[in-house]
Amino acid sequence: MSASTTEIIDAHRGAGRTFSAAGVRSFVREQGEGEAVVCVHGMWGSSFLYRKVLGELAKRDLRGISFDLPGFGLAQRPRDYDYSWTGLGRFATAAVDALKLDRFHLVVHDIGGPVGFELAAARRERIASITLLNTIVDVTEFKPPWSMEPFRHRGIGEAWLAGIKKPMFRKLMALQGIGDPDSIAKPELNAYVDLMRGDDNGRGFLQVSRHAERTPEKQELYRSTLSNVPYPVQIVWAAEDPAMKLTKYGEPARKVAGLKKIETVPGKHFPQEDQAPAIAEHVTAIARRGRLAALKKTA
């Protein structure tokens, strides 16, 4: 008999712990021993998204870490919070300090890219590597997919959110989110909806949707964390993602980072669900490169 959605969320809560950063209470999951790998989620996400990836990282002698950004998952959702990428990046920076992470690899996904780039810019000396996973660098060119665009508009966004019941969400995930539908059970998909709505019925989620900073200044900052940096950078992309297409978002990022190629895996926008081993393998590979870079720097 499969677990219910409530049981799945309770198990998720039991697998982590609460912590506070920058005056906000949040939740973090950690698994494994070894070099730290901080995994930053984006829209419709939370630390729940990375639960399989953390386990795969642990199998490879790495310490996987993922925390909930304000407005998501089990984190607080303050009414007067700064839900811009700047504000969420400020929280992420405080979070790695609160968790006492001296040096860490960074994995960023979706708008977790801009948030993670804010963190990388603020704690550049502590970054061991960066892995981009279906995210955005050239933010001036970013246009939300059709399924996310309504959230940006007051009134329309509230109505669209109210209309996304669990059966509809599961259809959207099959269409845009997950390549292999057999990789996730229905109650797990339902957990995404409950974790998004939280105790504010999705108000924080809507605020994040409406505070994207798609400015030239932010684009320049984010590019600076990937180009001519002392740590290795890689791009891993789920090649069938219809929400953030490789050609539109992955290729510009590759050029910024000066990479010869993008590492592709099967799947759609949330490959953490059906490609966790492959993602962990790529992170393990860049961690080795990061160690070599660090050794050369100190030699």
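Helices, of at least four residues, and strands, of at least two, are DSSP runs numbered from the N terminus. In these terms, Asp80 is placed in the loop that joins strand S4 (62-67) to helix H3 (85-98). The model described here is predicted.

The protein contains twelve helices and eight strands. Its radius of gyration is 18 Å, which agrees with the value near 19 Å that a compact globule of 299 residues would have. The C-alpha trace extends over about 55 × 45 × 40 Å along the principal axes. Of the 299 residues, 59% are buried. Among contacts with a separation of 6 or more, 77% are made by residues 24 or more positions apart.

The accessible surface amounts to about 12500 Å², and carbon and sulfur atoms contribute 52% of this area. Charged side chains comprise 43 positive and 35 negative groups; the centres of these two sets are 1 Å apart.

Asp80, in the loop between strand S4 and helix H3, counts as exposed because its relative accessibility of 73% is over the 50% cut-off. Asp200 is located in the loop between helix H7 (186-197) and helix H8 (203-209). With a relative accessibility of 13%, Asp200 lies under the 20% cut-off and therefore counts as buried. A polar atom of the Asp200 side chain is placed 2.7 Å from the backbone nitrogen of Gly204. Gly204 also provides a spatial reference for the other aspartate: the C-alpha atoms of Asp80 and Gly204 are separated by 9.9 Å, although the two residues are 124 residues apart along the chain.

A further position considered was Phe27, which belongs to strand S2 (residues 24-31). Its relative accessibility is 2%, so Phe27 counts as buried under the 20% cut-off. When residues up to four places away in sequence are not counted, Phe27 touches His12, Arg13, Gly16, Arg17, Thr18 and Phe19, as well as Ser47, Ser66, Phe67, Asp68 and Leu74. The C-alpha atom of Phe27 is separated by 8.6 Å from that of Leu69, a residue 42 residues away along the chain.

Methods. Residues are numbered from 1 along each chain as its sequence is written. This is a predicted model: local features need pLDDT of at least 70, side-chain atom pairs count only at pLDDT 80 or more; totals for chains, interfaces and linings use all residues. Side-chain values use heavy atoms; hydrogens and water are left out. The radius of gyration is taken over C-alpha atoms; the globule rule is 2.2 Å times the number of residues to the power 0.38. Buried means under 20% relative accessible area, exposed over 50%, partly exposed in between (1.4 Å probe, protein chains only). Contact means heavy atoms within 4.5 Å. Accessible areas come from the Shrake-Rupley method with a 1.4 Å probe; for residues, only the protein chains shown count as cover. Lys and Arg count as positive and Asp and Glu as negative; His and the chain ends are not counted. The place of a charge is taken as NZ of Lys, CZ of Arg, CG of Asp or CD of Glu. A polar contact is a pair of N or O atoms within 3.5 Å; within protein, one must be able to donate a hydrogen and the other to accept it, and residues adjacent in sequence count only if both atoms are side-chain atoms.
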